[in-house]
Amino acid sequence: MNLATLTACATCRLALTERPDGDSIVYRHPVTEGRHDVAPVDAGQLSRVFNRCHTCTGAPPVWNYRTGLIQIGALAAGAVETYNDQWHVCCRCAQFIEADDSDGLTAHCAALMRWLPHSDEYTILRTLHRGIIIGRDGSRTLLTTTDWPPARITAEMLPKIRDRFTRLLRGPANLPEPLNDLGQRRTLANHLDLAPLYWINQEFTDLVNAVTDDQPSATVTDDIASAPAGLITWPEPVGRSRQLAAASWTPHADGWHLVGYRSVGSALDDDLMPTLRHEIGWLVPIHTQYVARGTTLDGRHPLGPLITTWLLINQQMAEAVPARLPKGTTRAYERSQRPAPEVRIVRIKPQGADPRPERTEPGSPRSRATPDHRFWVSGHERQQAYGPGRSLRRPVDIQPFLKGDEDLPIKLSTTVRVLGSRGTGKNPNTDNR
Ligand SMILES: [Zn+2]
Ligand SMILES: [Zn+2]
């Protein structure tokens with residue numbers, strides 16, 4: 001289930017609010033009803049979509065507050081203006097709302113819009129803000145459709161990143177409906193608390209990005225996941241839309257619960273960043289899905305880069321080395337009597353341990369066994385010999401694998417991509433160019 005899709009009006013390009021109503025969804029223009037009917041489309045199809053805080057319009061929205069449908073009547077004019085029942089609000093405006101500070105909210109917003117106190121606009125704004133603050137229902141919902149600039153994630157940040165997300169899961173704020181069930185949230189948090197944390201280094205991330213689009217279907221089994229549960233992060237977002245910053249997998253009934261996340265970079269005024277990190281952290285879920293054992297997923301799936309990363313680890317192209325964590329992090333865990341966080345840096349395996357296959361000289365003809373590029377070999381079933389005299393056969397699933405020497409260019413269905421060569425002797429913790 002995709003949680004990241006923003007819906008906007010095709011006519012005016014304003015991001016719309018959504019409220020489920022039975023089997024359908026009611027879309028509205030932000031703040032006031034528009035002068036035209038809403039024309040909801042995926043915002044990805046439009047350019048220059050306006051998606052800002054409904055109260056101040058000065059910053060990206062973080063939280064959704066729900067109220068009854070607010071209408072304001074102007075007695076003199078005898079007219080009633082209909083507003084909205086959903087309010088997408090930025091981090092700063094949310095602080096006023098949480099503090100029940102209606103006058104503070106109005107003063108802040110009017111100053112941004114240069115509306116003078118005692119003007120008609122100011123009076124309407126104040127009435128509207130009181131309506132939102134008095135009329136809001138108990139809890140706010142995290143917006144997962146805001147397109148944040150991504151964070152640059154390093155291995156040392158992972159324990160904190162994980163802990164902020166599990167705190168959000170256990171906290172009072174609502175998450176989007178498909179991820180909001182209390183039991184489900186608690187189970188996910190409990191699994192993530194104990195899950196190993198993986199940070200994929202830049203070189204391996206480049207490889208994943210180069211090959212994930214063409215990755216053939218792989219079968220999700222206990223064998224390809226690197227551990228029963230885990231949280232994988234890449235230093236920068238990966239995938240077709242370069243949106244996926246992290247992915248987690250945790251055990252569930254007959255398979256796994258997979259969650260994809262976008263990251264939140266330093267997008268706000270400096271004074272608000274501690275609040276944002278405290279309330280939300282670094283990760284915002286953008287995809288949630290239960291995957292049964294035996295499901296097949298290819299690289300074009302929203303979580304394709306996770307599957308590709310698993311496959312490349314699985315075919316032993318990569319190794320996981322423990323990260324050295326700052327003393328402050330390990331001490332903080334000791335103080336709260338938690339086991340030390342397990343952070344592993346995943347990087348392409350250094351050569352040397354196993355003899356490399358002989359390379360042919362440039363210009364000489366290559367045999368079938370020595371391809372001149374790397375490519376995916378699809379997953380397939382093979383009959384494996386076993387039993388007395390290896391006379392019996394049983395089917396074995398072979399997962400897709402990337403074939404060819406690692407110095408060779410990668411030739412996929414349409415393009416050839418050449419990756420930069422690996423640096424040597426770097427401290428793995430700082431290998432995040
Ligand atoms: Zn419109
Ligand atoms: Zn605002």
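Which residue of β8 is the bridge partner of Trp-63? Select Val-89: that's the partner of Trp-63. Before going on, note that this is a predicted model, where local features need pLDDT of at least 70, side-chain atom pairs count only at pLDDT 80 or more, and totals for chains, interfaces and linings use all residues. Residues are numbered from 1 along each chain as its sequence is written, while chains are lettered from A and ligands numbered from 1 in the order in which they are written.

**Stop 1**

Color β5 (residues 63-66) and β8, which pair in the antiparallel sense over four bridges. Helices (H or I, at least four residues) and strands (E, at least two) are DSSP runs, numbered from the N terminus, and two strands pair if DSSP finds at least two bridges between them.

**Stop 1: two crossing helices**

Next, pick α2 (residues 102-113) and α3 (residues 120-135). Their axes come within 9 Å and cross at roughly 135 degrees; axes are lines fitted to C-alpha atoms, for helices over the stretch in contact, and angles run from 0 to 180 degrees between N-to-C directions. Show side chains where they meet: Ser-102, Leu-105, Thr-106, Cys-109 and Ala-110 on α2, against Tyr-122, Leu-125, Arg-126, His-129, Arg-130 and Ile-133 on α3. Contact here takes C-beta atoms, placed from the backbone, that lie within 7 Å.

**Stop 2: the seven-stranded sheet**

Now for another open sheet, with seven strands in the order β15-β14-β13-β12-β10-β18-β17 and mixed pairing. β15 (283-292) and β17 (318-322) stand at the edges with a single partner strand each, so one side of each is left without a neighbour in the sheet. Neighbouring strands are turned by 25 degrees against each other on average, direction ignored.

Zoom in on β10 (residues 197-200) and β12 (residues 230-238), a parallel pair with three bridges. Click Tyr-198 and you can look for its bridge partner in β12, Ile-232.

**Stop 3: helices on that sheet**

Finish with α8 (residues 304-314), lying across β10, β12, β13 (244-252), β17 and β18 and running at about 110 degrees to β12.

Note on methods: Two residues are in contact if their C-beta atoms, placed from the backbone, lie within 7 Å.
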